[in-house]
Each structure stands twice: as structure tokens, then as C-alpha cells.
Amino acid sequence: MMTKIQIVATDLDGTLLNSHLELTDKNKQALRRLKQSGVHVVLCTGRPFNGMAHLIDEIGLDDSDYTISYNGSLVQTCDGQEILHRANLSTSDFKCISDFFGQYGLGVHAMTMTKMFTYNKTIHPLTVREAYLGNLDLTVLQAEEEVPDNIIKLMAVGDPWQLDQAINDFSHAFGEAYSLNKSEAFYLEIMQKGDNKARALQILLEKLRLSSDNLMAFGNNNNDLDMIRLAKIGVAVDNASASLKRESDYVTESNDNDGVAVFLEHYCA
């Protein structure tokens, strides 16, 4: 079965990485072997590119390899020299959305290639967490200030109950102007319309002159649903959401039991 698979895409948090956000040696070696055999290894995450640069080095990916970050809103080579897709949200988008979610006591931040911005003078703790995990400098803007670079993704963060209420109202107010993805109970990703991991993979498959029949994908959460559906072989880790498991072709061990490596070893045997 692996003979047709020429590209393996894997989510990071909750899938490839364990609960301590670590890449275990077993998973690392499994992906290294894949690359050495000529299979394209693609890290496919909601994180910004800066937040996975250390993993690129650990696995040994190089300028011939590609990454998908910001949940599909940025597709580029691992050295950043070739960009296949990059979203471009405006400061006016950011201000409007920040004001909207602020009514619910929620924080909002914007991510560019290298920085994070918020209009919230009282910085939400989850914004601080995202800046740390994404390895992005955080700037608090004054009301009249604009973001000086392409905004790739916006995030609303806060109490899950308040966030759910706000999402419902946001959908009514803004219709289908953006792609929305609730990647965690306390996170809402607000992206350029049409962006998701599957669309990003389709862009990459076209670049590599491959089809979805050549794709294997690993995931754990509902933001992985589209790419699991796209892939010829969609694999959920055991800690995945029930809906992702239902849509997957296989369920492997959990992220804390090297589920990605376990599955690859079985199908590469």
C-alpha cells in the first residue's frame, strides 16, 4: 500500500507531538526514514512557521521540502524561499473582529510571518501562550495603529462558553466572509475564506504533480477533518476526536504512544 503513497502530512499538536509538546525519537526516526526513502514529509499545523522551525531541523527537512502552517493559510518551502500560498487579511478585518469579540470579553490577536499583534491592552493569557508556542514577538497596538505586514491568521481566545456564544453571533453578523475553525475549546481561528489544511495540500499536490491518491495524513482534531477526507489514507491517533475517528480510514496509537511511527512502521514493513 505504501508504494502509492508519496506524501505524508501530519498535524503536530496532539498528533505527532506528545502531551509535553515533544517530538519523540521514535517519531523523529520514522519521519527521517520516510524522507530518505523519497517520500515527501509535510508538517501540517495551525502553528505559525516560527513555531515549528525547530522540528524541521530535528527531522532533517530541507529546502526541497514543504510545510503548511497557520492551519493552511501559509504553504512554503522549509527555508521560506518559495511561497505557494499566503493569506492576506487586512488591518480593517482585524479591528472589526477585535471589536466584535471584545464585546464578549474575548481576546483577539493577529499573526504575521514573524510577529503577533493585539489591540487588547490587557493581554489575554492565551494570547501570551500562543506567542510563546509560535515563537512570535507580541506587540500591543493603539487604536489608530495598523499592522505593518500581511496578516495571515486571526484568533479569538477565551472562555469556551463565551466563545461558543460569540461564534454563533459572528456567523450571523459576518455570514461566510471568513473560514472559521475551532481548533481547541478556547481557540477560534479566523482565516481567509477557503483556507484549510486540505486546500493547502491540494496546492502542494498540484505543485508536486501528485494526486490525493498519493497522500497519507495524520490528525487528531476537527481542523484535520478536511485533510483526512482528502487523503487516500487518513489516520487518526487514538486520542483524536470522535468525529475525526469516524472519518478516518484507520486509528493508530495515541500521540503519547508514538501513534504516527507505529502506523508507519506497520505499513512500511
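**Chat about a predicted model**

Author: Asn181 is found in strand β10. Bear in mind that this is a predicted model.

Reader: Is Asn181 buried or exposed?

Author: Asn181 counts as buried because its relative accessible area is 10%, and the cut-off for buried is under 20%.

Reader: Which residues does Asn181 touch, not counting residues up to four places away in sequence?

Author: Asn181 touches Asn71, Tyr187, Leu188, Glu189, Met191, Asn222 and Asn223.

Reader: What about confidence, which element has the lowest mean pLDDT?

Author: That is strand β10, residues 178-184, with a mean pLDDT of 86. The highest mean, 98, belongs to strand β1, residues 7-10.

Reader: And what is the mean pLDDT of the protein chain?

Author: The mean for the protein chain is 94, and 99% of its residues reach 70 or more.

Reader: Switching to cysteines. How many disulfides does a search of the whole structure find?

Author: The search finds zero disulfides. For Cys44, the nearest cysteine sulfur is that of Cys78, 12 Å away.

Reader: Now the surface. Which residues form a nonpolar patch?

Author: Ile123, Val128 and Val140 form one, with about 190 Å² of accessible area together.

Reader: Where is Val140 found?

Author: Val140 is found in strand β8, residues 137-140.

How values were computed: Residues are numbered from 1 along each chain as its sequence is written. This is a predicted model: local features need pLDDT of at least 70, side-chain atom pairs count only at pLDDT 80 or more; totals for chains, interfaces and linings use all residues. Side-chain values use heavy atoms; hydrogens and water are left out. A disulfide is a pair of cysteine sulfur atoms within 2.5 Å. pLDDT is the predictor's confidence in each residue, from 0 to 100. Helices (H or I, at least four residues) and strands (E, at least two) are DSSP runs, numbered from the N terminus. Patches are made of residues with over 30% relative accessible area and no salt bridge: like charges are joined within 9 Å, nonpolar side chains (Val, Leu, Ile, Met, Phe, Trp, Tyr) within 5 Å. Accessible areas come from the Shrake-Rupley method with a 1.4 Å probe; for residues, only the protein chains shown count as cover. A salt bridge is a side-chain nitrogen of Lys or Arg within 4 Å of a carboxyl oxygen of Asp or Glu. Buried means under 20% relative accessible area, exposed over 50%, partly exposed in between (1.4 Å probe, protein chains only). Contact means heavy atoms within 4.5 Å.
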